[in-house]
Amino acid sequence: MLLDDLRRYYSDLEADIASGPIVPRATPQEIRDYLALHYDFTKRLALESVIADVERMLRTWQVQVTHPRYFGLFNPSVTLASIIADTLVAMYNPQLATWRTSPAANEIERHTLAWLSGKFGLPANAIASFTSGGAEANLSAVIVALTRAFPDYGEGGLRCLSAQPTIYVTGEAHHSFNKIAHMTGLGRRALRTVATDRDLKMDLDDLARRVGEDRKAGFAPFMVVGTVGTTAAGAIDPLSELARFCRSEELWFHVDAAWGGAAIISPVLRGHLAGIDAADSITCDAHKWFSVPMAAGMFFCRHPDVVGAAFHAETSYMPAKTAGPTLDPYTTSMQWSRRFIGLKLFLALAHHGESGYIEMIEHQARMGDVLRELLKRAGWRVVNNTPLPLVCFTRDGLDLAKFLAAVCDRQIAWMSEVRLGDGAPVVRACITSFRTTESDIEWVAREMSRIT
């Protein structure tokens, strides 16, 4: 009965959002005044009325990222199965710090992560964990890479190292690495920005030059970050070439596939990820292209012993380690107390099956192709090159700010402004919803032509 009610509610909400506005019209003060007036927490309120009011606020004062014409950042429509999973997790509230406390939940996560780890081509003994998001997964990668490259790092910290460690990224890499360099004590100046080619992919010659120069100058290169689906343009770095370079130079090769990593299950798209199987570590977010609610990042690593060294912990107040081939997540990941993050991906995979997910991912890729073709026919210039459903475009004489304002004001779609490399700002549109149809794309293209 509960499932039937949720299914009906999900279907009704989906239809209401699809037929309603995408972009809210609100000011911070308007929302703050409303909350101050109605919620001073001095009296009890009926739960039903509060729920209804919160839902009204979310419907009124939020960009509707599950709308089929939300062409924004990597915020997807979400599956019914994954919503139910989050509800179950909230009700049972399992604690995944140790295996013994939540054996079923831990094994469900292990099973789900092992499936995707195999798709990436990692060895059977690779280790993986669910994270709060891609930023935590990337931070985990840097910590583990430092632990492997510098045996004294774990106990003595960076000050005991004889040379300054350096990381190599492109200007298109996710900016979480700037924060990570700060948080780990490496310092933001430890990041080296490698040049890109015309398609915004990492330039191998410039990478080799920078690594060589840094070594001659007394620095200690230890990590290269390749990206599968950059945020701005959807670029995919040359993974196979990067892997060979890193092996030859004894550098840790991390692949940030937070968005594009899901393409590994697609027969049509997986060839573009060739070389990811050689990565030392991988980031992938289920709350992006696997279409489950936030937050559900994932961290994969082919070196379980190094992960154990980086995150080991022993306390008297935690349960003793369970005998047998089990791991306590608090000793193999950054988190301690942890929610049962992985159930939403497990339940969605079990419900839709691998074939259903392939269909969803390849459908969105096709919608990206439809948008590119319609834009070109209408005289727009597509300025990025990617097999993923992310399209950057412009045209001569375009007043970008005025155009994007009109697109939002008329509720045509939600798109954003982005600057690729050193170029002028352009329009960025990314298909993030499995609900987006060809009719949606055609309508958006038609309405945009009326603006310009």
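1. In this predicted model, the axes of helix α6 (residues 134–149) and helix α11 (residues 304–311) come within 9 Å and cross at roughly 100 degrees; the two helices are therefore roughly perpendicular to each other. On the α6 side the contact is made by S140, I143, V144, T147 and R148, and on the α11 side by V306, V307, A309, A310 and F311. Sorted by class, this contact of α6 with α11 has seven nonpolar residues, two polar residues and one charged residue.

2. The largest pocket holds about 940 Å³ of space. Its lining is formed by 29 residues, and the closest of these to the pocket centre are Y9, L13, L58, V78 and I83. The elements that give two or more residues to this lining are α1 (2–19), α3 (47–60) and α4 (80–92), with the largest share, seven residues, coming from α1. By class, the lining of the largest pocket divides into 18 nonpolar, six polar and five charged residues.

3. In the second largest pocket there is about 540 Å³ of space. Among the 25 residues that line this pocket, R110, A126, I127, A128 and L327 lie nearest its centre. Both α5 (103–120) and β1 (127–131) supply at least two residues of the lining, and α5 gives the most, with eight residues. The lining of the second largest pocket has, by class, 13 nonpolar, seven polar and five charged residues.

Key. Residues are numbered from 1 along each chain as its sequence is written. This is a predicted model: local features need pLDDT of at least 70, side-chain atom pairs count only at pLDDT 80 or more; totals for chains, interfaces and linings use all residues. Side-chain values use heavy atoms; hydrogens and water are left out. Axes are lines fitted to C-alpha atoms, for helices over the stretch in contact, and angles run from 0 to 180 degrees between N-to-C directions. Helices (H or I, at least four residues) and strands (E, at least two) are DSSP runs, numbered from the N terminus. Angles under 35 degrees count as roughly parallel, over 145 as roughly antiparallel, 65 to 115 as roughly perpendicular and the rest as oblique. Contact means heavy atoms within 4.5 Å. Ala, Val, Leu, Ile, Met, Phe, Trp, Tyr, Cys and Pro count as nonpolar, Asp, Glu, Lys and Arg as charged, and the others, Gly among them, as polar. On a 1 Å grid over the protein atoms alone, a cavity is a set of points where a 1.4 Å probe fits but cannot get out, and a pocket is an open set with protein on both sides within 12 Å along at least five of seven lines; lining residues have an atom within 4 Å of a point. Grid points are joined across faces, edges and corners, and a volume is the space filled by probe spheres set on the points.
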